[in-house]
Amino acid sequence: MSDKQKQKNLRPKDVKGTLIRLFSYFRFNKSLFFTGILLVFVSSFAQIEANAMLSPIIDALVVYDDMNRFIKYLMVMVILVIVISVGQYLGSLFMAKLAQNTVHKIREDMFSHMEKLPISFFDSHAHGDLMSTFTNDVDMLGQSLEQSISQFIIAVVSVVGTFIMMLILSPILTVVVVAMLFVMFLSVRYVGKRSAMYFRNQQAALADMNGYIEEMMSGQKVVKVFNYEERAIESFNRKNEEMRKASTKASTYGVMLMPIMGNLSYVKYALVSMFGAFLVMKSRITVGNIASFLQYTRTISRPITQFSNQLNTLFAALAGAERIFNVLDEEVEEYEGDVRLVRDEKNGDYWKVPKENGEYDKVPLKGYITFENVNFGYVENQKVLKNINLYAKPGQKIALVGSTGAGKTTITNLINRFYEIDEGVILYDGIDIRRINKLDLRSTMSMVLQDVHLFEGTVADNIRYGRLDATDEEVEEAAKLANAHYFIKNLPNGYNTFLTADGGNLSQGERQLLSIARAAVANPTILILDEATSSVDTRTEKLIAEGMDKLMEGRTTFVIAHRLSTVRDSNAIMVLEHGEIIERGDHDDLMRQKGRYYDLNTGKIELE
Amino acid sequence: MKTLLPYMKKYWIYAVLSPILMILEVLADIIIPYLMSRIVDIGIVNHDIDFIVRTGIIMIISALLAMAFGIMSAHAGARAGYGFAAEIREDVFKKVQSFSFANLDTFTVSSLITRLTNDCNTLGQVTMMSLRMAIRAPFLMLFGLIMAFKINSSLARVFMITIPLTVFSMIAILKKARPLFRSMQTRIDKVNAVIQENLIGIRVVKSFNRQDYEEKKFKRRNDSLRDVALNAISTIIFLMPMLNLIIYSTIIAVLWFGGQQVRIGTMGNGELISFITYITQIMMSLMMISMFFMQLLRGIASGGRILEVLGTESEIKEIENPVKNLNNGSIAFNHVSFKYPGSREYTLKDINFHVESGEMLGIIGSTGSSKSTLVQLIPRLYDVTEGAVIVGGKDVKEYDIKVLRDQVAFVLQKNTLFSGTLRDNMKWGNENATDEEIIKALKQAQAWEFVSKYEDGLDHWVEQGGNNFSGGQKQRLCIARALIKSPKIIILDDSTSAVDMTTDAKIQKTFKEELKDVTKIVIAQRISSIKNADRIIVMHEGQIESIGDHETLINISPIYREIYESQEKGVVGE
């Protein structure tokens with residue numbers, strides 16, 4: 001990603017729209033929202049009143065020398081203070097609850113939306129970016145929500161309320177204050193603009209450096225092997241220096257606002273003292289009034305300062321919110337399909353195919369797969385599969401071989417409708433798979449992929465992933481089939497051993513065996529094995545193969561593999577090249593043909 | 001923590017200036033309420049306009065001076081803080097570059113990333129905050145107290161109650177909040193873990209139709225996070241209102257007692273007003289101090305993690321006057337045994353074999369038989385526990401490590417490419433490689449056939465991790481990268497598993513013909529990959545089961561025979 005692009009990521013494109021959408025989330029917590037706002041409103045208002053009370057309290061002493069009056073006003077202040085404290089506490093609490101509930105809902109929505117997105121979305125978006133949107137952006141949003149709403153209200157109430165009080169007390173002094181406020185506003189704008197720019201620079205430099213760190217740390221072993229250390233240090237130092245300069249600048253401008261605003265406020269304080277003194281001498285206002293006014297100068301500028309400090313982070317949070325909404329706006333995968341699967345233990349599962357006249361056909365679930373003239377490309381005008389025709393009967397093992405990128409994995413992406421074909425038709429038991437409900441379709445298939453993905457949980461949980469209601473016996477049976485049972489028994493807690501993320505505490509081979517067990521327990525009609533045993537040595541593969549044969553009995557299997565041993569006894573082998581099937585037949589047929597299949601295995605034959 | 005101080009050396013001026021300027025700012029600010037009280041008590045009372053104006057102007061100048069000091073202090077603080085963080089980060093990165101494989105295993109990649117990013121950042125921010133807050137707040141408080149006592153010492157005694165009360169309550173609240181926040185962090189990690197799993201394994205989720213299951217799992221953790229977060233935040237929320245309450249209560253108390261004194265004339269009105277101003281100032285400073293302590297704790301934790309890295313030494317050490325030249329590519333293992341640091345079991349036991357320069361050695365054996373470990377001892381990625389590895393006639397420990405690793409090319413099992421152009425990646429093998437040399441290596445690795453098809457050729461962009469290439473392509477590129485080194489020894493650790501047999505055979509042919517003088521060590525799963533080796537080692541559970549060439553092994557090694565048969569005759573037994 002270029003630097004410019006990275007910077008743009010911090011500017012929200014449509015502030016108004018994003019804010020409106022955010023606010024619409026508050027409807028789930030209406031009472032919290034309105035009560036919270038009310039409380040914040042009331043407490044900030046009370047705060048202004050409390051400051052205003054200083055004036056009559058002091059005057060009661062100085063001007064009127066009236067103890068009763070003094071006590072009366074003091075009591076009012078006490079009540080106000082109680083109101084402020086309770087109001088502030090409850091108000092902040094409600095706002096925090098609102099923020100947490102909102103973030104909770106957003107997280108929930110994001111996750112369930114993500115689960116429904118098509119595979120094409122995941123293939124076309126960097127997983128790191130998605131992760132960042134889910135975590136960083138949501139966190140930032142939560143923090144901003146909690147503080148910004150309250151602070152905004154406090155700022156508005158304080159400013160407006162204080163302004164009115166000041167006006168009532170003394171128009172002249174108010175003019176003085178407003179003049180200074182204008183100066184302060186100009187300074188905020190000047191510093192604010194620079195601060196925002198340097199803040200974005202800093203974030204970009206940070207992203208750049210962090211990206212480099214991540215790459216270098218992950219590939220540290222390669223660095224060692226190639227004596228790349230010096231060069232890595234050089235590159236890193238350059239980025240580190242960039243980061244230092246950008247951070248220093250950003251921080252300077254960011255922090256600078258405080259002494260500027262604080263001291264301009266003191267200038268205001270000085271002016272109010274001076275002019276106030278004149279006015280007292282002319283008997284236009286009282287000494288007590290000065291006290292109040294001085295407090296007002298503080299209460300009017302502090303919330304503005306605090307809020308403008310937050311602006312940078314607020315904008316970054318809004319930019320994050322936009323990214324969140326972009327994900328939520330992505331189109332989901334439709335499970336459409338009027339053909340449904342019916343599970344019937346007694347008579348056998350079948351497809352319920354609706355007819356035009358409202359009745360149903362019952363087509364038994366067998367596992368016939370037919371590809372007729374199938375064409376497909378991930379990107380328009382770039383066909384990955386051309387004119388594919390193949391036919392598989394239940395219980396047959398069809399092997400797909402060919403060089404990397406020839407389209408083998410793509411075929412499996414199409415069978416379970418991770419992607420939809422462009423032209424042609426795929427028939428499942430004679431039914432166009434586009435008519436079959438996706439969830440039902442996939443429930444009859446099991447995939448064992450090259451990249452094994454396991455989940456946090458026990459070994460048994462992971463195997464049960466194939467079928468949630470599998471009994472312990474069924475789980476063990478599946479494990480035995482995959483030859484995983486023995487190593488599982490040797491684990492510290494056997495089947496109840498907890499696996500860390502992605503099965504990190506197991507070897508590559510063991511993870512693959514588990515993945516095979518998982519597929520086995522699902523009892524599928526169609527089995528897809530994509531380089532399922534590439535990480536397993538040939539001895540273990542042989543052990544699995546015996547079980548696999550049992551697993552494959554009566555099921556239609558598609559196998560993608562490089563190893564001759566895996567492919568050799570298939571009922572039909574399809575050789576793919578540049579998306580087309582160029583040879584087909586069983587092993588002996590193809591060897592006789594001395595074509596591509598023969599070539600691919602030539603390495604072995606030549607050496608014989 | 002003190003050990004980290006030297007990193008400030010480059011920026012010490014700023015580190016000193018920042019607090020000094022801060023103090024000046026504070027001094028300039030402190031005076032202002034005091035001057036205001038004089039305007040009221042002297043200026044107004046005596047109707048002395050001149051005095052009022054003069055004092056007012058002094059106040060304004062003071063404020064402007066304070067502003068200047070404040071800005072300069074902010075800048076100095078930023079320079080010191082971020083400079084400090086940058087120096088530390090540089091050293092930590094350098095340190096990691098010097099780590100051995102064993103060190104990297106101990107620390108794990110993700111924790112190293114966190115230490116370099118989050119922890120260094122935290123240190124920088126805490127330093128910056130310390131330079132400002134740690135000086136400003138106590139000073140403000142101290143001067144405020146002095147002024148308050150100066151104005152009216154009896155009234156100022158109210159602080160003797162207020163301050164301890166505030167401190168006590170703040171500590172109580174923070175103490176309660178800390179474990180809650182830690183618990184919140186754990187919940188956050190758990191939520192993120194599910195998200196991560198689903199992002200990576202979405203295909204598995206969808207093909208097994210586990211969307212509902214995952215959503216329920218997520219909901220449980222999300223709900224838990226919200227509950228704990230609310231708990232934690234509710235505790236912290238007490239702080240501000242409580243502080244406000246204390247401040248206002250103090251003000252009310254002062255008004256009551258001070259009011260009496262004003263009535264009887266032992267205190268001026270102006271004094272009362274400025275006293276009230278100081279109350280707010282003192283209490284706010286107190287709060288800043290406690291905030292600072294919280295940050296300091298975070299900083300100390302981060303500092304600790306950084307010191308862990310800085311204090312780690314690689315166990316691979318170079319001798320004085322190392323040999324700077326490798327005579328030839330012969331290799332010998334003499335009674336080599338190895339166990340991983342901290343492990344009780346031996347991974348390799350009594351390994352003995354030798355390879356002549358230019359020969360090809362094949363290594364085969366079941367998963368987990370420690371083949372990778374064995375070859376990693378050759379370029380000293382790990383050191384032997386017992387015995388010696390002899391390369392080019394000398395113990396590997398005698399060589400200059402850089403020279404050794406330049407001459408021994410290693411293609412790891414996990415093929416990592418880096419973001420950049422293909423040319424950049426290839427140049428990892430040799431900074432000064434010309435395009436011709438690069439193309440030659442690509443041809444030898446059978447990678448030119450697909451690289452030549454790219455419009456931008458060698459300028460073709462490689463995504464992070466090399467994700468825009470297929471498994472087989474990545475392997476071939478990594479082999480090419482290693483070949484560019486023009487090494488005396490090349491080690492391929494299962495580097496052709498994703499490559500089809502024809503290509504594999506072509507690579508072998510090229511190696512045999514064009515790399516005659518290079519010692520080739522190949523670890524493989526396929527017999528076909530190593531069949532033509534001059535020597536083959538069959539590994540089993542960390543020991544050599546047999547050594548010999550292909551024909552010999554078929555006769556004497558049951559393991560070899562089994563592998564051979566399973567590959568030749570197909571999976572279903574004859």
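Biologist: How many residue pairs are in polar contact between chain B and chain A?
Modeller: A polar contact is a pair of N or O atoms within 3.5 Å; within protein, one must be able to donate a hydrogen and the other to accept it, and residues adjacent in sequence count only if both atoms are side-chain atoms. Between chain B and chain A there are 34 such residue pairs, both residues at pLDDT 80 or more. This is a predicted model, where local features need pLDDT of at least 70, side-chain atom pairs count only at pLDDT 80 or more, and totals for chains, interfaces and linings use all residues. Residues are numbered from 1 along each chain as its sequence is written, chains are lettered from A in the order in which they are written, and side-chain values use heavy atoms, without hydrogens and water.

Biologist: Which helix of chain B gives the most to the side that touches chain A?
Modeller: Helices are DSSP runs (H or I, at least four residues), numbered from the N terminus. Helix α2 (residues 49-97) of chain B gives the most, with 26 residues.

Biologist: How many salt bridges does the rule find across the interface of chain B and chain A?
Modeller: The rule asks for a side-chain nitrogen of Lys or Arg within 4 Å of a carboxyl oxygen of Asp or Glu. Five are found across this interface; one of the salt bridges joins A:R231 and B:E431 (4.0 Å, N to O).

Biologist: What is the area buried between chain B and chain A?
Modeller: The size of an interface is often given as the accessible area lost when the parts come together. Buried area here uses a 1.4 Å probe and is summed over both parts. The value is about 14300 Å², and carbon and sulfur atoms give 68% of that. B:R203, B:Y248 and B:W428 supply 6% of the area that chain B buries against chain A, more than any other three residues.

How values were computed. Buried area is the accessible area (1.4 Å probe) that two parts lose on being put together, summed over both. Helices (H or I, at least four residues) and strands (E, at least two) are DSSP runs, numbered from the N terminus.
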